[in-house]
Amino acid sequence: EAKYEFIITSKPDPTVTLITLNRPKALNALSSPLFHELNHALAQAELDKDVGAVVLTGSEKAFAAGADIKEMKDKEFAEVYGNNFLSHWTQITDMKKPVIAAVSGYALGGGCELAMMCDIILASPTAKFGQPEINLGVIPGAGGTQRLTRAIGKSRAMELVLTGRNINAQEAEKWGLVSRVVGEGEGEVVKEAVEMAKTIASKGRLSVMAAKEGVNAASELSLHEGLHFERRLFQSLFATKDQKEGMSAFAEKRKAEFTNQ
Ligand code: CO8
């Protein structure tokens with residue numbers, strides 16, 4: 001087991017990796033060292049044959065209050081451009097296994113963007129989402145103008161990005177940024193996310209991967225190309241044992257035993 005300073009990893013179930021951002025004094029501000037650890041933990045989860053899904057969470061007070069402003073404040077253009085500052089943030093989007101964000105408290109700036117890089121966002125009633133970069137003299141730099149616009153539409157994204165206003169969990173649910181708001185109580189959102197991750201992990205891994213690829217293609221491809229891609233993915237699953245098993249089990253009125261082959 002790797003030792004981390006800014007995150008905690010655990011396995012609440014043999015099939016689920018739980019990654020908890022852990023810089024409580026800085027409200028989980030996303031520093032470069034934190035991101036390197038996060039990327040390492042994600043890579044481990046991707047390699048772990050027992051794991052079928054990942055849950056990413058923060059604390060009760062903050063999922064993450066954004067990129068680390070103190071780390072950024074004295075940087076110059078030549079450095080951030082020359083070193084492609086924060087380009088390593090996107091590694092989470094290369095995960096083939098699904099990642100569920102369980103958000104309590106602040107998910108601001110890079111924190112909101114990190115949540116949006118995940119496949120599903122579950123929110124606690126305390127969650128607050130926003131892109132306050134405009135207050136710092138900059139703009140979102142990791143998806144806040146792109147993923148947010150695709151998630152909630154132009155007018156709402158413009159409002160949040162231009163005013164820096166935060167929205168609460170109910171608004172985020174109404175606007176479709178999160179899949180749902182879970183019950184009150186400390187740790188509820190993580191519990192719910194872990195249950196969801198277990199459910200996903202109990203399916204055939206290959207079909208889960210293909211399903212994730214298909215849904216993600218919807219934001220990259222035209223409808224025609226997307227439907228074509230989906231049909232090819234669907235057809236390709238007939239090369240798997242899990243398809244034979246899943247359909248035979250249905251016909252034989254028994255539970256499918258997927259082998260991920
Ligand atoms: N960076 C660094 N430190 C932070 C951050 C942050 N983003 N957020 C909070 N902290 C620190 C505070 O400085 C404070 O530290 P200290 O105790 O040493 O003074 C500690 O966390 C606690 O914070 P507060 O005292 O402010 O707590 P409050 O409960 O009063 O307020 C807030 C909570 C409202 C969340 C407040 O902390 C806040 O406004 N934080 C900043 C939010 C923000 O502006 N986020 C956007 C950052 S910019 C960004 O994310 C750009 C991403 C671009 C990615 C580009 C990729 C290429």
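**Figure 1. A nonpolar surface patch in the predicted model, formed by I134, I139, M158 and L162**. Together these four residues present about 380 Å² of accessible area on the surface of this predicted structure. One of them, M158, is found in helix α6, which spans residues 154-163. The relative accessibility of M158 is 41%. This value lies between the limits of 20% for buried and 50% for exposed, and M158 therefore counts as partly exposed.

**Figure 2. Strand β5 and its burial.** Strand β5 comprises residues 99-103. Five of its five residues are buried, so the strand is largely enclosed by the rest of the structure. The side chains of V99, A101 and V103 point one way from β5, whereas I100 and A102 point the other way. The residues of both groups are buried.

**Figure 3. The parallel neighbours of β5, strands β3 and β7**. Strand β3, residues 53-57, runs parallel to β5 and is joined to it by four bridges. Within this pairing, V55 stands opposite I100 of β5. Strand β7, residues 120-123, also pairs with β5 in the parallel sense, again over four bridges. Here I120 of β7 is the residue opposite I100.

**Figure 4. The shell of residues around the ligand.** The ligand is surrounded by 25 residues. The closest are K61, A67, I69, K70 and G110. Three elements, namely α2 (69-72), β6 (106-108) and α4 (110-117), each supply at least two residues of this shell. The largest share, three residues, comes from α2.

Figure 5. On its own, the ligand has 1,100 Å² of accessible area, of which the protein covers 64%. Of the residues shown in this view, A67 and I69 are also among the closest to the ligand.

Conventions. Residues numbered from 1 in each chain as written. Predicted model: local features only at pLDDT ≥ 70, side-chain atom pairs only at ≥ 80, totals over all residues. Heavy atoms only, no water. Buried < 20%, exposed > 50% of the residue type's maximum accessible area, 1.4 Å probe, protein only. Pairing = 2+ DSSP bridges. Patch = residues over 30% accessible without salt bridge, like charges linked within 9 Å, V, L, I, M, F, W, Y side chains within 5 Å. Areas by Shrake-Rupley, 256 points an atom, 1.4 Å probe, with all protein chains shown as cover. Salt bridge = Lys/Arg side-chain N within 4 Å of Asp/Glu carboxyl O. Near = heavy atom within 4 Å.
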